[in-house]
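Good morning, everyone. Please put the structure up on the screen. I'll keep this short.

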Amino acid sequence: MWDEYFSPKSVREVLEILQSYKGQARIIAGGTDLIPEIKGQIRKVKCLVDISEIDLLKKIEIDGDTIKIGAGITHSEVAASELIREQAMVLAEAASAVGSPLIRNQGTVVGNVVNAQPAADTAVALFALGAEIEIVSQRATKIVPIEKLYKGVGLSKIDSTMEMATAVYFKSLKNNQGSAFVRLAQRKALTLPILNAAVVVTAQKDRFSEARVVVAPVAPRPLRSKKAEAILTDAPISPEYINKAAEAVAFEAQPRESALRGSAEYRMEMVKVLLVRALRLAIQRVKEK
Amino acid sequence: MTSKTFLRMIVNGEVVERAIRPSAMLLDILRYELGFTGVKEACGRGECGACTVLVDGIAISSCITPALKAMNKEIVTIEGLGSSAKLHPIQEAFIEHGAVQCGFCTPGMILSAKALLDKNLSPTEEEVKVGLSGNLCRCTGYVKIIEAVLSAAEKMRK
């Protein structure tokens, strides 16, 4: 367990503490993943730097058409946010699916991304939204697409002992766009997804003009299916093309055999079903606008 | 050697000031140092809800919450929710509906129910189920628990 615990009030102080501990200190936000890891001795730290008392990070904001979610914002806050429900339903749905109310009250969306688990519900939604993340160190501030953050299973390129993710950014959905997140799991609560899928579709009359299609966990990181996206681009909105896209996703997916999540064969079939559900729901939402 | 650090919080309306280990969990302080044994430890990893407490009105798992996160915050445990002379309406409803079997999950269930009803006094059955979905009952007495919460909500609306 750790020897020291700091709750600084500014990002600058966080970076100073990290710097002075030379890799021995680590950032904690909600701690819903980190604390069980430390308790289970999967991770060792000498010092924790708690960022949840930094007021600047506890905001969901919109500037023009860009939505910003600060690193102090919990899953519950995202799930309940009118702004997110109206402008990025896919993320509100993903945030409501995480863990349990208790976990959602503590865990943060940015933390979910930093933790880099391949099935992290909100990360899957943020992939579909084309989100970017702001990473601040004493040397520089970088804005990086979330898709570029993954080094391996549960391994982010963000080094939380030296730098800090402060916010995620994405564009609010336009009137001709719809989104959806769907999940297959053993229960409705407190369970990891067998599979999840997030889509953002753009429609022009009865055709797709664009689609972003993401499924997980069928690869070491959320899988953005470029093949499915290519099939849907400029295609008619019809069961035929939706099914073609689903076949393409299954072609790219590489689900593992898993005692927890089911057989690879089963998940290969179900990933198609899930994607069809997500696309239909997203299309329905465009029509209802 | 780890040196102790200072924690101030308000527990069930009373200011508590203590020198604690920086790595203590909120559960450790509430249950083992302050004697609020209504805060139960079971899974120890935020999966069962037995350690639920309210922090500034929000239900959280105290077993995975560093105690220092509670600095200057208001904590409510089941002991702070009414007295033996005058129970909270949710507690009364749990008794009336037989929603307590072994009792181990009960404090967490009631506190999650309180957090829910504080925000929404007219929840649907589905909303109650979602609101309590982080609290496990190994006696599987869920039906009576849900009935109790709905009935408490009805009483509290009056």
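How many bridges join strand 1 to strand 2 in chain B? Seven, and strand 1 (residues 5-11) and strand 2 run antiparallel. Within this part, Val11(B) has Glu14(B) in strand 2 of chain B as its bridge partner.

A word on what we have here. This is a predicted model, where local features need pLDDT of at least 70, side-chain atom pairs count only at pLDDT 80 or more, and totals for chains, interfaces and linings use all residues. Residues are numbered from 1 along each chain as its sequence is written, while chains are lettered from A and ligands numbered from 1 in the order in which they are written.

Strands (E, at least two residues) and helices (H or I, at least four) are DSSP runs, numbered from the N terminus. Two strands pair if DSSP finds at least two bridges between them.

Now the whole sheet. In chain B, five strands make an open, mixed sheet, ordered 2-1-5-3-4. Strand 2 (14-20) and strand 4 of chain B are the edges, each pairing on one side only. From one strand to the next, the twist averages 40°. Angles run from 0 to 180 degrees between N-to-C directions, with axes fitted to C-alpha atoms, for helices over the stretch in contact.

Next, the helices. Helix 1 (residues 26-33) of chain B packs on the sheet and touches strand 1, strand 2 and strand 3 (52-55). Contact means C-beta atoms, placed from the backbone, within 7 Å. Helix 1 of chain B makes about 110° with strand 2 of chain B. Helix 3 (residues 106-119) of chain B lies across strand 3 and strand 4, at about 35° to strand 3.

Technical notes
Two residues are in contact if their C-beta atoms, placed from the backbone, lie within 7 Å.
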